[in-house]
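Good morning, everyone, and thank you for making time for this.

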Amino acid sequence: MPRYVSHPDEVIVLKRRHGQGAANIDKYIELDGYKAVQNAIEQGPDWIINTMKASGLRGRGGAGFPTGMKWSFVPKQSPKPKYVLVNGDESEPGTCKDHVIFLEDPHSVIEGTMIAGLAIGAKMGFIYLRGEYRYLLKIVEKAVADAYAKGFLGKNIFGKEGVDFDIVTQTGAGAYEVGEESALMESLEGKRGVPRIKPPFPAVVGLYGGPTVINNAETIASVPHILLMGGEAYAKLGSERNGGTRLFGISGHVERPGVYELPMGYSLRKAIYEVAGGIKCGKQLKAVVPGGSSCPVLKADEIDVGLDFDQMAKAGTMLGSGGIVVLDETVSIVEFALRTIKFYQHESCGWCIPCREGTDWIKKTLTRVYNDGGQKKDIDNVQYLAENMMGRTFCPLGDAAAMPTLGFVKKFRKEFEDYIEGRKAGTPLMSEEQELAGVGH
Amino acid sequence: MRAEGAVGNDKPKSCGSGNTMAAVTNSIFSPELAARFDRLVTLYPLKRSALVPMLLYAQDEIGYVSEAAIQEIATRLDLFDLDVRSVLSYYSMLRTKPAGKYNVQVCTNISCMLRGGYQILDHCKKKLGIGHKQTTPDGQFSLEEVECIGACCWAPAMQVNYDFHEDLTPAKVDTILADYAAGKGKDVK
């Protein structure tokens with residue numbers, strides 16, 4: 001069971017019901033649950049969308065697109081049914097925040113889905129969880145069944161004539177790529193999870209060809225809280241153009257790893273040194289991967305930056321999925337870069353050639369370097385490959401593999417050169433067998 | 001227009017409306033699972049949407065996705081078996097050969113690696129005497145090195161079948177494996 005953590009600097013919105021047994025529907029109702037959706041039914045779609053726009057909430061999956069604006073793109077009239085799709089295919093290495101939400105507060109996801117449905121005029125929502133989260137799927141399935149039993153889902157919800165909403169839960173079966181929105185729709189339609197070309201965007205042509213809003217589970221879980229507290233009040237908690245709070249999963253070499261709720265714009269340095277208790281065993285910080293494995297690395301002297309989408313972009317990296325991975329002085333960046341690209345090589349769906357071939361050749365080249373067969377030109381080759389993947393694929397997986405790779409070789413070029421010349425930094429973390437065989441799956 | 005094509009020739013129907021299912025007599029699945037499949041296909045606007053969950057649930061019951069399972073699922077969804085195979089080969093959790101009764105999946109991705117994920121994997125290899133994607137001779141355990149399982153803040157972590165085990169140490173792994181061997185492990189279905 002995930003360890004519950006807390007810190008005085010946390011600003012609790014999303015975690016309000018965590019640790020209180022809110023997976024139980026009666027407890028959830030006692031803690032103001034299902035009030036927001038009933039108010040939303042009264043107020044209507046325009047009010048919901050305006051509140052969401054005022055909240056400044058931006059997509060918590062990683063791209064940071066303003067949620068209210070996304071919802072407003074869905075055409076009011078549509079010959080095809082509209083859908084709400086919740087992306088709980090949490091697979092970005094370093095990210096485990098949705099895990100906590102599904103475990104502690106599944107009804108907030110259900111309620112948020114219903115509100116999104118009311119906003120866009122959809123009568124059906126899907127909650128998609130990654131296949132590995134079976135125990136969480138059972139929790140969500142139970143929550144959905146309980147909501148049906150109370151008349152909160154189905155026909156004439158909350159006794160309102162003509163207001164219908166259905167929710168279906170869905171499981172994946174192991175594929176990082178399915179976390180990409182169009183690939184997730186393919187998967188939900190019973191196909192291989194390969195991305196679709198855009199445009200058309202999901203808001204116009206999405207699931208089953210109908211207009212679809214697809215949001216990350218944390219984004220959706222934030223919605224009921226925003227409606228309860230008001231858009232402006234939520235926005236004020238965060239920084240400029242970055243409303244509210246978000247869950248940050250701090251992992252790696254820190255004393256108190258865990259999922260913390262911090263206001264947008266909170267200092268990365270404080271998140272590491274105060275909230276997460278500093279570097280494990282009193283060691284020195286070497287680098288931080290600030291928002292899941294696809295975000296370019298920050299060096300130890302680059303962490304005086306606020307944790308919001310704009311400040312992170314200015315610092316040359318991304319806020320991503322909020323998964324902060326901390327590396328101490330003992331880590332070899334060569335090894336860490338290799339482990340990162342091994343993941344993307346394994347997960348590339350093979351649909352686009354720059355990603356399929358690029359990830360494979362970067363992995364091969366870095367493996368050669370790691371196994372002491374590297375040449376100096378390998379570093380340039382890796383950089384060349386990564387640069388040529390950027391922006392040349394259907395979905396962002398190609399970029400997600402290229403961006404961290406570029407970060408590693410550009411910011412730690414000297415370490416790569418030293419490694420090739422036999423001066424290795426850090427203590428190996430991979431096992432002997434792995435060094436030769438690579439991740440064999 | 002792939003997105004349009006994605007809809008196929010079936011017209012999307014509203015939830016719960018009568019998706020008819022091809023008749024399956026003599027299901028290879030248990031009556032409970034067959035009934036679950038009967039219901040599952042009615043939940044979606046297009047019944048093909050049930051494919052990935054059906055493959056996973058079939059594997060949960062049989063231990064892997066067998067040839068007979070592929071055929072029956074194809075029949076149930078009005079698909080060619082090739083459609084089913086194409087999807088089956090895409091998802092890393094689906095397998096076409098049996099694994100051990102307890103499939104030990106050790107995460108070695110970045111957050112787990114930093115906190116000793118490879119040590120845990122090596123320990124499992126030694127303890128079980130098997131390597132990646134191998135099964136013990138008695139069929140009790142199989143081992144896999146897997147990518148991020150979403151337990152980064154409680155690393156290093158592993159899953160045994162669907163159960164998460166977190167904050168692992170080699171000693172803790174010993175206890176967990178002994179519990180499963182004695183039939184006392186957690187077992188989420």
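Predicted model: local features only at pLDDT ≥ 70, side-chain atom pairs only at ≥ 80, totals over all residues.

Let me begin with Pro156(B), which sits in the loop between β3 (141-146) and β4 (158-160) of chain B; helices here are DSSP runs of H or I with at least four residues, strands are DSSP runs of E with at least two, and both are numbered from the N terminus. The peptide bond that leads from Ala155(B) into Pro156(B) is cis, with omega near -5°.

Residues are numbered from 1 along each chain as its sequence is written, and chains are lettered from A and ligands numbered from 1 in the order in which they are written.

Chain A also has a cis peptide bond to look at, the one from Pro199(A) to Pro200(A), with omega near 5°, and Pro200(A) lies in the loop between α8 and β4 (212-216) of that chain.

Now to chain B as a whole. How many helices and strands are there in chain B? There are eight helices and five strands, and, read from the N terminus on, they run α-α-α-α-α-β-α-α-β-β-β-β-α. Of the 189 residues in chain B, 45% are buried, where buried stands for 20 or more other C-beta atoms within 10 Å of a residue's own, exposed for 12 or fewer, and partly exposed for anything in between, with the C-beta atoms placed from the backbone. If we take the contacts in chain B between residues at least 6 apart in sequence, 60% of them join residues at least 24 apart; two residues are in contact if their C-beta atoms, placed from the backbone, lie within 7 Å.

Let us turn to a pair of helices in that chain. Two packed helices are described by the angle between their axes and the distance between the axes. Helix α4 (residues 67-77) and helix α5 (residues 81-88) of chain B pack at an angle of about 115°, with their axes 8 Å apart; the axes are lines fitted to C-alpha atoms over the stretch in contact, and angles run from 0 to 180 degrees between N-to-C directions. Where they meet, α4(B) brings Ile70(B), Gln71(B), Ile73(B) and Ala74(B), and α5(B) brings Asp81(B), Asp83(B), Val84(B), Arg85(B) and Leu88(B). By class, this contact has five nonpolar, one polar and three charged residues, counting Ala, Val, Leu, Ile, Met, Phe, Trp, Tyr, Cys and Pro as nonpolar, Asp, Glu, Lys and Arg as charged, and the others, Gly among them, as polar.

In the loop between α4 and α5 of chain B we find Asp78(B), whose phi is near 55°, a positive value in a residue other than glycine. Is Asp78(B) exposed, partly exposed or buried? It counts as partly exposed, because it has 14 C-beta neighbours inside 10 Å. Asp167(B), in the loop between β5 (163-165) and α8 (170-181) of chain B, likewise has a positive phi, near 50°, and with 15 C-beta neighbours inside 10 Å it counts as partly exposed.

Moving over to chain A, helix α2 (residues 35-43) has Ala36(A), Val37(A) and Ala40(A) as its buried residues. Seen down the axis of α2(A), they fall within an arc of 95°, so they line one face of the helix; the arc is that of the directions from the helix axis to the C-beta atoms. What covers these buried residues includes α3 (45-55), α6 (106-120) and α9 (217-229) of chain A, and just after α2(A) comes Gly44(A), with a positive phi of about 95°.

Finally, how do the two chains meet? In all, 68 residues of chain A are in contact with 51 residues of chain B. On the side of chain A that touches chain B, α13(A) gives the most, with six residues, and the residues of that side divide into 27 nonpolar, 27 polar and 14 charged.
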